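The following paragraphs lead the reader through selected features of one protein structure. They turn to its spaces and to the packing of its helices.

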Amino acid sequence: MSLHALRASSAHVVFGSWRDRLATNPDSATRLLAALAPPRGYSPDFLTPADADGVPSLVDAVLGTSRTRLRTELAMLIGERRPPSWMQSMADGDLDSLHRLGAALRHYHERALLRHWGRIRAVVTAEQALRSRDLTEGGVERLLGSIHPAVQWDDPVLKVAYPVHQEMHLDGRGLLLIPSYFCWGSPITLYDPNLPPVLVYPANRGSLPLVPPGEPEHVVNAALVRLLGRSRAAVLQDIAASGPTTGGSVARRLDISAASASEHAAVLRNTGLISTHRVANTVRHTVTPLGQALLRGRQPVEAPRRAAPPVVSIGSGRHGTRRECAEPTACAC
């Protein structure tokens, strides 16, 4: 859905600023994925596995698509036109082409979505809470009747304004409702009726912009991204914004694996950008002054030099015992 949003107008109230930053200089990963997910018409269902939980799991699920399904769905996408060579190789199950797809998914997430993941998840979580309240207070009828203006519950049929005529028979399988930040306009569903039934619908009821006015265009400066890598720079930024935080919390907020968050934290700690402390059975990370200075893009403020402490001489006479105490206030001699 975010790939579809890249086709939005520069004046779009939600996606305009985000779209301008990405569309003005599209990279190979974005172009590859955009070819697989055109804004109109068919997009292969294998790109949206239902059982994926997080980006690593999603990439694994996509790369695990059977050759038969790849060939069938990509043939529907290609139609009568002549496909690019990489797409034809992917349809034939070529491993190099699939690995290229996996790399493109990971890169696109880091470049286009990772920085905004907190806002995206906050909007979706709020929508889930609202729908749960509808279900609790008004039952299924209120839930299905209030999803979206384009959705009408006419027991036992859920009617959705849709670009093409399509019927989906649940046959006791249930319907998975998926609120999406990037879904704009009408709700959508998968093409293949044999897949688990889903309905993706707009979650951003408040039209919260992806890039709020006045927000800087980058999490950190470009030099720091080149120094640390985009993911590691994002981990540093997240720890700085969240205060003392655990690696698991970082992983959840950035939607990366716990192992990846732990690896990034170890590198940041070894280079003095964060410090790690154990509290009971919990390990918490905090950004050091050096890390804060890097995020601000300048040198850390040097602490003022401490003046040499006074020396107090204590003796019992010209030839007696003499002691010199550097810290007279703590002297016990």
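In this predicted model, the second largest pocket holds about 720 Å³ of space. Its lining consists of 24 residues, and those closest to the centre of the pocket are Val 157, Leu 158, Lys 159, Val 160 and Met 168. The element that gives the most is strand 2, with four residues. Sorted by class, the lining of the second largest pocket comprises 17 nonpolar, five polar and two charged residues.

Rolling a probe the size of a water molecule over the atoms shows where empty space is left. When the whole structure is searched, one cavity of 30 Å³ or more is found. The largest cavity has a volume of about 40 Å³. Its lining is formed by Met 168, Arg 173, Thr 189, Leu 190, Asp 192, Pro 193, Leu 195, Pro 196 and Pro 197. Of these lining residues, six are nonpolar, one is polar and two are charged. Met 168 is named both among the residues closest to the centre of the second largest pocket and in the lining of the largest cavity.

The helices are considered next. Two packed helices are described by the angle between their axes and the distance between the axes. Helix 7 (residues 95-113) packs with helix 2 (residues 16-23) at an angle of about 130 degrees, and their axes lie 11 Å apart. Helix 2 is therefore oblique to helix 7. On the side of helix 2, Trp 18, Arg 21 and Leu 22 make the contact, while helix 7 contributes Tyr 108, Arg 111, Ala 112 and Leu 113. Five residues of this contact are nonpolar and two are charged, with no polar residue.

Helix 7 also packs with helix 3 (residues 28-36): the two axes come within 9 Å and cross at roughly 110 degrees. Because of that angle, helix 3 counts as roughly perpendicular to helix 7. From helix 3, Ala 29, Thr 30, Leu 32, Leu 33 and Leu 36 take part; they meet Arg 100, Leu 101, Ala 104, Leu 105, His 107, Tyr 108 and Arg 111 of helix 7. The contact of helix 3 with helix 7 has eight nonpolar, two polar and two charged residues.

Note on methods: Residues numbered from 1 in each chain as written. Predicted model: local features only at pLDDT ≥ 70, side-chain atom pairs only at ≥ 80, totals over all residues. Heavy atoms only, no water. 1 Å grid on protein atoms, 1.4 Å probe; cavity = no way out; pocket = protein on both sides within 12 Å on 5 of 7 lines; lining within 4 Å. Points joined across faces, edges and corners; volume = space filled by probe spheres on them. Helix = DSSP H or I, 4+ residues; strand = E, 2+ residues; numbered from the N terminus. Nonpolar A, V, L, I, M, F, W, Y, C, P; charged D, E, K, R; others polar. Axes fitted to C-alpha atoms, helices over the stretch in contact; angles between N-to-C directions. Parallel < 35°, antiparallel > 145°, perpendicular 65-115°, else oblique. Contact = heavy atoms within 4.5 Å.
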